[in-house]
Amino acid sequence: MWKTIALAAALTVAGGTAQAQSKKDLVQKAVQLQQQGAENLGRNVAVQTANRVLAAVAPALQAVPADKREATAKDIQAEVRKFHDEIEPTLRKRAAELAPATLGPVLESRFSEDELKTLIAWLESPVAKKFEQATPEMQQALTQKLVAETKAGIEPRLQALEGALRKRLEAGGAKPVQPPASAPRK
């Protein structure tokens with residue numbers, strides 16, 4: 001609170017130039033308060049990348065003889081985990097480095113000084129911190145509910161897509177790939 005009062009007093013005394021500088025300071029503070037979010041974004045990109053690799057390998061894994069499939073899957077998962085562990089720190093660090101130059105201009109152009117002050121007060125509040133801590137749990141709950149309630153309508157479409165892609169790959173000369181164990185066989 002004292003910082004806000006001191007900032008308001010400085011703006012009143014210094015006039016227009018201080019206002020532009022104070023807005024930049026407010027933008028910088030808002031970006032700084034979002035550094036954890038930027039790092040989390042880097043973590044999420046690493047996880048999504050690893051998951052895409054696993055998803056891309058899954059059909060080929062079905063072509064591995066059944067007696068070697070589980071061991072091969074574990075080896076692949078270990079390789080992808082190693083890959084994830086190598087890229088995650090880089091993505092997390094780089095996201096944090098890019099945040100000021102990327103987020104700053106957006107905040108500066110879209111928020112007034114008063115809005116930035118309100119935003120900073122919110123980001124620093126205990127309620128915002130509690131909300132941030134609850135966000136992963138809320139997202140997980142929503143994701144589970146969404147998947148459960150849409151699975152019956154999405155799963156047949158996904159299986160149809162997999163079948164169509166399999167046929168196109170085979171028509172293009174790829175070796176036939178066995179459908180996943182959960183897919184209906186024709």
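A residue is called buried when its relative accessible area is under 20%. In this predicted model, 19% of the 186 residues in the chain are buried. The accessible surface of the chain amounts to about 13900 Å², and carbon and sulfur atoms account for 61% of that area.

The chain holds six helices and zero strands, so that, by the DSSP runs used here, its elements read α-α-α-α-α-α from the N terminus. Among contacts with a separation of 6 or more, 68% join residues 24 or more positions apart.

Helix 4 spans 57 Å between its end C-alpha atoms, whereas a straight helix of 45 residues would span 66 Å at 1.5 Å a residue. A bend of about 45° is found in helix 4 at Ala99, with the proline Pro100 following within four residues. Ala99 is also one of the buried residues of helix 4, which include Ala73, Val80, His84, Ile87, Glu88, Ala95, Ala96, Gly104 and Leu107 as well.

The largest nonpolar core consists of nine residues: Leu26, Val27, Ala30, Val31, Ala38, Ala99, Leu107, Leu116 and Ile120. At least two residues of this core come from each of helix 2 (16-33), helix 4 (66-110) and helix 5 (113-124). Helix 2 makes the greatest contribution to the core, with four residues. Within the core, Leu107 can be followed in more detail. When neighbours within four places in sequence are left aside, Leu107 is in contact with Val27, Ala30, Val31, Leu116 and Leu119.

Conventions: Residues are numbered from 1 along each chain as its sequence is written. This is a predicted model: local features need pLDDT of at least 70, side-chain atom pairs count only at pLDDT 80 or more; totals for chains, interfaces and linings use all residues. Side-chain values use heavy atoms; hydrogens and water are left out. A nonpolar core is a set of buried Ala, Val, Leu, Ile, Met, Phe, Trp, Tyr and Cys residues joined through side-chain atoms within 4.5 Å. Buried means under 20% relative accessible area, exposed over 50%, partly exposed in between (1.4 Å probe, protein chains only). Contact means heavy atoms within 4.5 Å. Accessible areas come from the Shrake-Rupley method with a 1.4 Å probe; for residues, only the protein chains shown count as cover. The expected span of a helix is 1.5 Å times one less than its number of residues. The bend at a residue is the angle between axes fitted to the seven residues ending there and the seven starting there.
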